[in-house]
Amino acid sequence: MVNWITLAVPFAYLGVLLGSLATFSSLYRKRKAMKSFTLEPWFPPHAPRDIYFSLMHLDPTTASPSGGKDKKAPAVPDSVLKAALLRRAIEDIKRVMALRVQKPALAMLLQRGSVGDDLWQRFLRAEKEMEDEVKDVVAEANAYAPGWGQTIFQSANEMLNNAILRERVEKQQAKLQEEKQSWEKKKDGYLKELDAEAAPAAKKPEDSAAPAAAAAAAPVTPTSESASTPATKTPESSGAPPSVAGSEEDDAVLVEAEKGAKK
Amino acid sequence: MSQIDDDLYNQYPLHLNPTSKSITLNNNHRIGAPERPAPLAPHPRPAQHPPPPLPMNPKRSAQISKLRDSANAAFRKSAFAEAARLYTYAIDMALGRPGWEPVTLARDELAGLYSNRAQAWMSQRLWVEGVVDARCSVECKPGGNVKAWWRGGKCLAEMGRWDEAREFVERGLEVEGRAGDGGKELLGLLGEVEEGSKRAQRAVKGN
């Protein structure tokens, strides 16, 4: 009899100890779970995935209100579902690549203590999530066509890269009109400049040609000597011609004038 | 707790048009993601999935190379406008390649075609078109594409855009390396550009 009473003390002690430990552990775990549950997801909602599942679960009766029950065939054709699955795979690739790029940088920041543990937890969760997501996509693809699961991500990768390439090329080509306009403007400016340079050069030959013609027309008159002298001097007196073409023309005129004078 | 429920997703009120197979979203429902994906364009052939990138269907490549050959022939005959037109057809065909075919192939083809079309534009003294195509070409394939770098630089130099030309050719030199024939040609062009820009500066000062 005495044994039971004396034994009750250690048992009660053990019971209290274990009970308190158990409550603490369960409380702690619950709180941790709540915390990890409330962690912000790493990525925004996966829209292509949502679309894919929405299509999968599209109710045939709501999808084709006119068809009704006689159209028991799948409301969403396979081709659409496959296209949706490919979109999903493309988005997955984008995300996996992003994770791969971010991982070393994040690990280093974590080591230095620049970022909190929360961020790392969120990252690990996203990584796990993506792993499951990729597996799921492969399984879905294999369900559509045996063996497609091995190539769906290859195809999706090419699609993604092709889309990027097309976008870049289009961006370059889109500049064409704008560049064309600015070049036209610039060219007009150049042409005007050239015109402005050519104008005085074009005028001079006329000026100098007039006396030269006069000199040529009136060789017999006694004023021919006096008329020809200004003609030969005009190019020098009017300053150096700015353009090569102008000076050549002037030279030609000079020669003519000299010929006229010699006559 | 990081385990993700596979069946958890956001349901969208989608509607599928049975004839056109286009998918629409009912009553202005907004998709949560900031980047909304482009509308789905279902593949016309039913119950087929895109084949793996390799091996690929050689038909389109054959067609493209045929067009390129005829364009090259036209170019050799100095029918530059015709050549540019044919190159444009070939480029359209190369751009229309299905997305799941290897991107490296598309890059190679497009780089060559754009570079050749740039040459065809240059022969018609259409420098703007030339420089745009040269830029596209180096965008597709920066390395091993000396011709495109040279043509782009030349077009810019012809338009008197010396600074841009210098930048473009220097970028080309970085990618291609200074050694080798391509590097020498680019260096030669760079020298021309420097000279031209000096001349232009002198002209500005002279005024």
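Chain B contains seven helices and two strands, where helices (H or I, at least four residues) and strands (E, at least two) are DSSP runs numbered from the N terminus. From the N terminus on, the order of these elements is β-β-α-α-α-α-α-α-α. Please keep in mind that this is a predicted model, in which local features need pLDDT of at least 70 and side-chain atom pairs count only at pLDDT 80 or more, while totals for chains, interfaces and linings use all residues. Residues are numbered from 1 along each chain as its sequence is written, and chains are lettered from A, with ligands numbered from 1, in the order in which they are written.

Let me turn to confidence. Chain B averages a pLDDT of 80, and 85% of the residues score at least 70. Over residues 29–47 of chain B, however, pLDDT stays under 50. For that stretch the model has 34 contacts beyond four places in sequence, a contact being two residues whose C-beta atoms, placed from the backbone, lie within 7 Å. The model scores are ipTM 0.73 and pTM 0.65.

How much of chain B is buried? Of its 207 residues, 37% count as buried. A residue is buried if 20 or more other C-beta atoms lie within 10 Å of its own, exposed if 12 or fewer, and partly exposed in between, with C-beta atoms placed from the backbone. Among contacts in chain B between residues at least 6 apart in sequence, 49% join residues at least 24 apart.

I now come to the nonpolar cores, each a set of buried Ala, Val, Leu, Ile, Met, Phe, Trp, Tyr and Cys residues joined through C-beta atoms within 7 Å. The largest has 46 residues, and those with the most contacts inside it are B:Y87, B:A90, B:L110, B:Y114 and B:V169. At least two residues of this core are supplied by each of α1 (59–76), α2 (80–95), α3 (103–123), α4 (127–140), α5 (146–158), α6 (162–176) and α7 (180–206) of chain B. Which helix gives the largest share? That is α3(B), with ten residues. As for B:Y114, the residues that it touches, not counting those up to four places away in sequence, are B:I91, B:D133, B:C136, B:S137 and B:C140.

From first C-alpha to last, α3(B) reaches 30 Å, close to the 30 Å expected at 1.5 Å a residue; the expected span is 1.5 Å times one less than the number of residues.

B:R125 lies in the loop between α3 and α4 of chain B and has a positive phi of about 60° although it is not a glycine. Why is B:R125 classed as exposed? It is so classed because it has 10 other C-beta atoms within 10 Å. B:S78 is found in the loop between α1 and α2 of chain B, and its phi is also positive, near 65°. B:S78 counts as exposed because it has 9 C-beta neighbours inside 10 Å.

Chain A comes next. It has eight helices and zero strands. Buried residues make up 19% of its 263 residues. Of the contacts in chain A with a separation of 6 or more, 72% are between residues 24 or more positions apart.

UniProt, in an unreviewed entry, places the feature "transmembrane region" at residues 6–28 of chain A; UniProt positions are given in the numbering used here, feature names are shortened, and annotations may be inferred rather than shown by experiment. Over residues 6–28 the chain is 100% helix and 0% strand, and the end C-alpha atoms are 34 Å apart.

In α5(A), the buried residues include A:A126, A:M130 and A:E133. This helix has 28 residues and reaches 41 Å from its first C-alpha to its last, close to the 40 Å expected.

Finally, how many residues does each chain give to the contact between them? Chain A gives 55 residues and chain B gives 45. On the side of chain A that touches chain B, the largest share, 20 residues, comes from α6(A).

How values were computed
pLDDT = per-residue confidence, 0-100.
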